[in-house]
Amino acid sequence: MDAFEDLENPPTSVIAVLRNRWLSDSFKETALATACWSVLKAKRRLLMVPDGFISHFYSVSEHVSPILAYGFLGPKENLTEMCTFFKHQIVQYLKDMFDLDKVRYTTVQSLAEDILHLSRRRSEILLGYLGVDSLRAMNGDLPAPNRPSELHL
């Protein structure tokens, strides 16, 4: 969510680079990635627990944020459309997690089951948008008859 908010109002210097017709798309992408990494590095320095969860989250963000930023702000319309769809799905997923009609907060087990169900549902929606039949097909699982019975959590 933090990254999505940062993308709402990017610095004017970033916008100037992205709108410059004289620069190649690869240069723009590299410049935007460098800007993302600089922001994350600055945020990491402000952490009270330097090796905690948020620090690890920023490590993952270093890989994901540049392509999302380029998707939202860059010149490729199909990537912008895809990133916008992804953002909508993530925001809706977060809303669903805190919707008492969709998630039972009665026991840890029921909470885990409901969040797993929501995660699978959003994954299927995203994969469908990308044209992938299912998560299993993408992961290269064995065909159903040869697969051992699934583990139920």
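Asp114 is found in helix α6. That is our way into this structure, which is a predicted model. Asp114 is buried, at a relative accessible area of 11%. Leaving out residues up to four places away in sequence, Asp114 touches Lys102, Val103 and Arg104.

Now for the overall layout. The protein has seven helices and zero strands, so reading along the sequence you get the pattern α-α-α-α-α-α-α. Of its 153 residues, 22% count as buried. If you take the contacts between residues at least 6 apart in sequence, 47% of them join residues at least 24 apart.

### Where α3 meets α4

Two packed helices are described by the angle between their axes and the distance between the axes. For helix α3 (residues 25-45) and helix α4 (residues 53-73), the angle is about 145° and the axes are 9 Å apart. Their crossing is right-handed.

Which residues do the meeting? On the α3 side they include Asp25, Lys28, Glu29, Leu32, Ala33, Cys36 and Trp37, and on the α4 side they include Tyr58, Glu62, Ser65, Ala69, Tyr70 and Leu73. The residues of this contact divide into 11 nonpolar, four polar and six charged.

| Pair | Apart along the chain | C-alpha separation |
|---|---|---|
| Ser65 and Ala33 | 32 residues | 7.8 Å |
| Tyr70 and Asp25 | 45 residues | 9.8 Å |
| Ser38 and Glu62 | 24 residues | 9.6 Å |

Let's go through the residues that head those rows. Ser65 is found in helix α4, and at 13% relative accessibility it counts as buried. Ser38 is found in helix α3. Is Ser38 buried or partly exposed? Ser38 is partly exposed, because its relative accessible area is 44% and buried means under 20%.

Tyr70 is found in helix α4. With a relative accessibility of 3%, Tyr70 counts as buried. Setting aside neighbours within four places in sequence, Tyr70 is in contact with Asp25, Lys28, Glu29, Leu32, Pro75, Lys76 and Leu79. Asp25, Lys28, Glu29 and Leu32 are also among the α3 residues that meet α4.

In soluble globular proteins, nonpolar side chains tend to be buried together. Here, the largest nonpolar core has 11 residues: Leu7, Val14, Leu18, Leu32, Cys36, Leu68, Ala69, Tyr70, Phe72, Leu79 and Cys83. The elements that give two or more residues to this core are α2 (12-19), α3, α4 and α5. Which of the elements gives the largest share? That is α4, with four residues.

Apart from neighbours within four places in sequence, Ala69 is in contact with Leu7, Leu32, Cys36 and Gly74.

Phe57 is partly exposed, at a relative accessible area of 41%, whereas Tyr58 is buried, at 10%.

Then there's Phe85 with Tyr129. This pair is stacked, with 4.0 Å centre to centre and 10° between the planes. Why does this pair tie together parts that are 44 residues apart in sequence? Because Phe85 lies in helix α5 (residues 77-97) and Tyr129 in helix α6 (residues 108-130). Phe85 counts as partly exposed at 23% relative accessibility, and Tyr129 counts as partly exposed at 31%.

Finally, ring pairs link Phe53, Phe57 and Tyr58 into a cluster. Tyr58 is also one of the α4 residues that meet α3, which brings us back to the packing of those two helices.

Definitions and conventions: Residues are numbered from 1 along each chain as its sequence is written. This is a predicted model: local features need pLDDT of at least 70, side-chain atom pairs count only at pLDDT 80 or more; totals for chains, interfaces and linings use all residues. Side-chain values use heavy atoms; hydrogens and water are left out. Axes are lines fitted to C-alpha atoms, for helices over the stretch in contact, and angles run from 0 to 180 degrees between N-to-C directions. A crossing is left-handed if the near helix is turned anticlockwise from the far one by less than a right angle, and right-handed if clockwise. Contact means heavy atoms within 4.5 Å. Ala, Val, Leu, Ile, Met, Phe, Trp, Tyr, Cys and Pro count as nonpolar, Asp, Glu, Lys and Arg as charged, and the others, Gly among them, as polar. Buried means under 20% relative accessible area, exposed over 50%, partly exposed in between (1.4 Å probe, protein chains only). Rings of Phe, Tyr and Trp (its six-membered ring) pair if their centres lie within 6.5 Å; planes under 30 degrees apart count as stacked, over 60 as edge-to-face and the rest as tilted. A nonpolar core is a set of buried Ala, Val, Leu, Ile, Met, Phe, Trp, Tyr and Cys residues joined through side-chain atoms within 4.5 Å.
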